[in-house]
Amino acid sequence: MFQNNREGLALALPAAVFTALLFLLPVGILLSEAFKVDGSWSLQGYIDFASKPLNQTVFLRTLKLGALVSVVSAIIGYACAFCIVNLDGRHRGRVFGLVVLPLMISPVARTYAWIVILGRTGIVNDTIISLGLSKTPIRILFTETAVFIGLLQLFLPLMIISLVSAMENLPKDVIPAARVLGANWIQVFTKVILPLTKDGLVIGGTLVFTGSLTAYITPAILGGSKVLMLETLLYQRVNVANDFVSAGVIATVLIVMSFGANILLKRIAAARN
Amino acid sequence: MNTRLASRLIIGTTLLFLIGPFVIIILAGLSAGDFMTFPPNGISLKWYLKVFTVESFRESFALSMFLAIFGTITALILGIPAAYAISRYDIPYAETIKTIVAAPIIVPGIIVGLALLRYLVVPLNFTVTLALFMAHTALVLPYAVRVVSSSLGNLRSDMEEAAVLLGCSRIGAFMRVILPNIQSGVLAAFILGFVTSFNQVPVSLFLSGPGVRTLPIDMLSYMEITYDPSVAALSALLAFLSVAIVFVAEKFLGFSRYV
Amino acid sequence: MSDSFVSLDKLSLAYGQSVVVPDLGLNIRRGELIALLGPSGCGKTTIMRAIAGLMTPHSGKISIDGRDVTKVPANKRGVGLVFQSYALFPHLTAFENVAFGLRLQKLPAAEITAKVEDGLQTVGLAHLADRKPAEMSGGQQQRLSLARSLVMEPKVLLLDEPLSNLDARLRLDMRTELQRVQRDTGITMVFVTHDQAEALALADRIVLMKDGLIEQLGTPDELYNKPKTKFAADFFGFENILEVVEQTLVGDQGRLPFVTAQRGGYLAWRPGAVSVGLGPYRGTVRGVAFAGEQREYVLEAASGQIKASTPAADPSFGIGDVVDFDLPLKHALELS
């Protein structure tokens with residue numbers, strides 16, 4: 001009954017054509033701007049971009065924060081996932097729901113709270129001053145730390161979800177078996193849990209890393225123009241200087257990094273085997 | 001038991017980190033003073049109420065709602081047939097089509113907004129709203145296809161074959177047998193799409209103009225000018241809205257099955 | 001007790017608020033093969049996990065070879081456990097699975113290789129050393145799981161439902177295998193099962209459990225021929241258990257007259273002890289099943305259902321036939 005492939009194609013094409021024409025095409029053209037100078041193909045745009053120290057700083061900073069958020073969220077993620085998976089049914093559902101909840105809320109709202117917490121008159125500073133650890137408020141906002149915290153809060157749930165899913169699929173009794181064979185908890189993690197959940201780690205890691213690379217709101221609100229990341233830089237270049245070449249370069253770099261991260265992580269996962 | 005305590009501690013601290021900030025925002029919005037402080041000096045609902053009176057918030061809210069609702073509906077109109085085709089047929093270029101439809105998730109939103117602005121709005125005279133609409137539809141489409149595919153995957157194809165043998169036309173079989181059974185999947189896709197579109201920011205950054213702003217963008221520019229608790233109140237309200245929608249969905253649909 | 005190798009003393013086990021085993025005392029002898037037998041929910045698996053250290057007792061003491069291990073964590077108890085699900089590591093080859101515990105002990109590589117090869121040889125899996133568990137059959141996986149535990153030379157080997165997942169022929173093979181291993185190594189083995197036939201075939205002693213308490217402890221002979229309670233009798237095949245009330249036998253649905261000096265208690269008959277075709281009682285045949293050597297009947301009598309079985313060669317009856325039957329006192333089991 002489903003042999004008429006033409007029919008099937010006709011059903012699927014509208015969606016594909018819509019996306020291709022109205023979405024991918026304009027994006028493709030934008031990316032190509034990065035390869036053009038005065039109408040002809042050239043890599044000059046990239047060279048110019050890469051040679052400016054500001055751009056280099058922003059690029060490295062974006063990578064660094066992306067990696068840091070990924071690693072920290074993996075550590076916290078595994079700890080949480082392990083605890084969640086060992087909870088009984090009712091509690092597990094509730095806790096899991098609470099973890100997923102923030103994902104449904106606008107990133108603007110999620111990031112804004114940090115202003116209240118990390119600002120000069122915010123909770124953290126109030127506590128620090130009242131505990132006598134410092135006489136004047138420390139500047140936390142508009143530093144890399146603030147952006148790091150904001151990004152971590154934003155993407156941690158993704159890592160947790162991914163790891164919980166992976167850990168739920170562990171073969172039955174494998175952990176008690178390792179224990180009875182003499183493994184302490186660290187060995188159980190490195191020799192059993194890690195190898196068997198590495199797909200979940202790759203998925204979570206990719207989501208967190210690419211998410212952090214391409215974040216706009218959090219760096220914009222918590223970093224401002226003092227802590228520029230690639231996307232906030234892009235916005236600035238276009239808005240302030242109409243610099244579409246830079247925009248194209250950054251866009252291409254971002255997309256390449258996203259794909260690259262994905263492939264690299266997959267290779268690592270396969271190699272560990 | 002030691003491990004249970006440790007477990008509670010780990011989960012508790014993590015949840016505090018993830019959700020604590022909301023509680024703070026909700027409370028900060030209740031501040032009676034004129035500035036954003038925490039703990040708030042005095043409790044008052046004035047900022048929550050003020051949110052409803054700011055005209056630009058009302059307009060941008062309306063726009064965001066419009067995009068979320070109609071963008072998602074369009075995405076479903078395009079996506080349901082596509083999901084059906086991919087899961088039931090063996091179409092040529094299936095992988096390519098799947099990749100194309102899923103691509104919007106990978107492209108950073110800000111690039112999308114900029115690209116549409118430059119190549120559709122300016123040269124072809126598309127209105128900003130139209131461009132926004134198309135961008136949001138394309139963004140929701142992958143989710144729609146994925147959720148509906150998952151829902152279709154749970155249905156065996158013998159049902160349609162049985163219907164046809166009993167005399168139904170193909171379309172009839174689809175309407176009478178498939179649609180009713182994927183209802184909750186479609187609804188789940190709608191809610192997921194709605195929330196995704198409503199909370200979307202980067203795409204809308206460049207696609208805004210006088211009177212045309214999505215709510216999150218409006219909030220961002222408001223934040224740059226004023227530092228009063230109304231943004232906190234608005235954030236809290238939006239958070240409630242999203243949470244309520246998802247909560248209702250979970251209660252009535254068992255949402256998590258499809259995502 | 002000096003005789004006792006594994007001793008459980010006033011052991012109380014609970015999951016959260018619900019107590020599974022209230023107060024258990026059990027002494028397992030060195031080198032014996034003992035079965036924890038009972039229906040699901042009776043606590044046998046919980047006890048096994050407690051011995052392994054995967055579960056902390058609410059109160060009480062566990063000792064292995066004279067050493068109090070109640071507070072010792074699972075990875076330091078020297079106990080082996082073959083899980084019902086086998087719990088093999090899917091990402092490791094058969095060789096590496098067996099080597100897992102040995103590697104943790106940081107033994108020299110040559111020694112590990114020797115022990116693993118020997119272990120695989122013992123269970124007949126030497127030729128599959130490089131395969132992953134997913135590429136092996138169910139029976140092979142179980143033997144691999146057994147090898148993995150044996151190679152650690154544990155003081156006690158625990159087995160969770162070792163024969164339940166296997167088909168009839170594999171079951172026989174595995175049974176023989178386990179007995180052979182036990183004879184060769186002299187390891188103390190505790191296995192958990194819900195199948196009385198398994199327990200009877202394998203065990204030196206059987207612990208019959210019900211609701212977390214020991215119903216009866218004894219040799220297979222004792223349990224099979226002299227069960228002490230109604231539950232035990234029913235479990236070991238006395239399918240007709242009737243209460244003695246004055247001069248009648250009382251069943252679910254009525255009574256049969258009976259002459260006996262016994263005051264109160266129960267009398268139980270195996271289906272084979274019921275004679276069909278001759279006797280003072282009357283019943284209607286409701287079910288007949290041919291079982292090779294025997295023919296099994298379900299009779300409806302005044303007292304309720306009576307299960308009988310006669311040699312296949314005897315005259316047979318059909319559904320609906322009204323037959324005479326007897327419950328001979330000399331074949332009855334007395335229960336208090």
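This briefing covers the contact between chains A and C and a sheet in chain C. The model is predicted. Between the two chains, 16 residues of chain A are in contact with 18 residues of chain C. Within chain C, six strands form an open sheet with mixed pairing.

**Side of chain A that touches chain C**

- Helix H8 (174–180) and helix H9 (185–213) of chain A are the elements that give two or more residues to the side touching chain C.
- The largest share of this side of chain A, five residues, is supplied by H8(A).
- By residue class, the side of chain A that touches chain C divides into ten nonpolar, three polar and three charged residues.

**Sheet of chain C**

- The strands of the open sheet in chain C follow the order E6-E7-E8-E3-E9-E10.
- Strand E6 (79–82) and strand E10 (213–218) of chain C are the edge strands, and each of them pairs on one side only.
- From one strand to the next, the twist averages 20°.

**Pairing of E7 and E8 in chain C**

- Strand E7 (residues 156–160) and strand E8 (residues 188–193) of chain C pair in the parallel sense, over five bridges.
- C:Leu159 has C:Phe191, in E8(C), as its bridge partner.

**Helix across the sheet strands**

- Helix H4 (residues 138–150) of chain C lies across E6 and E7 of chain C.
- The direction of H4(C) runs at about 175° to E6(C), and E6 of chain C is one of the edge strands of the sheet.

Notes:
Residues are numbered from 1 along each chain as its sequence is written. Chains are lettered from A and ligands numbered from 1 in the order in which they are written. This is a predicted model: local features need pLDDT of at least 70, side-chain atom pairs count only at pLDDT 80 or more; totals for chains, interfaces and linings use all residues. Two residues are in contact if their C-beta atoms, placed from the backbone, lie within 7 Å. Helices (H or I, at least four residues) and strands (E, at least two) are DSSP runs, numbered from the N terminus. Ala, Val, Leu, Ile, Met, Phe, Trp, Tyr, Cys and Pro count as nonpolar, Asp, Glu, Lys and Arg as charged, and the others, Gly among them, as polar. Two strands pair if DSSP finds at least two bridges between them. Axes are lines fitted to C-alpha atoms, for helices over the stretch in contact, and angles run from 0 to 180 degrees between N-to-C directions.
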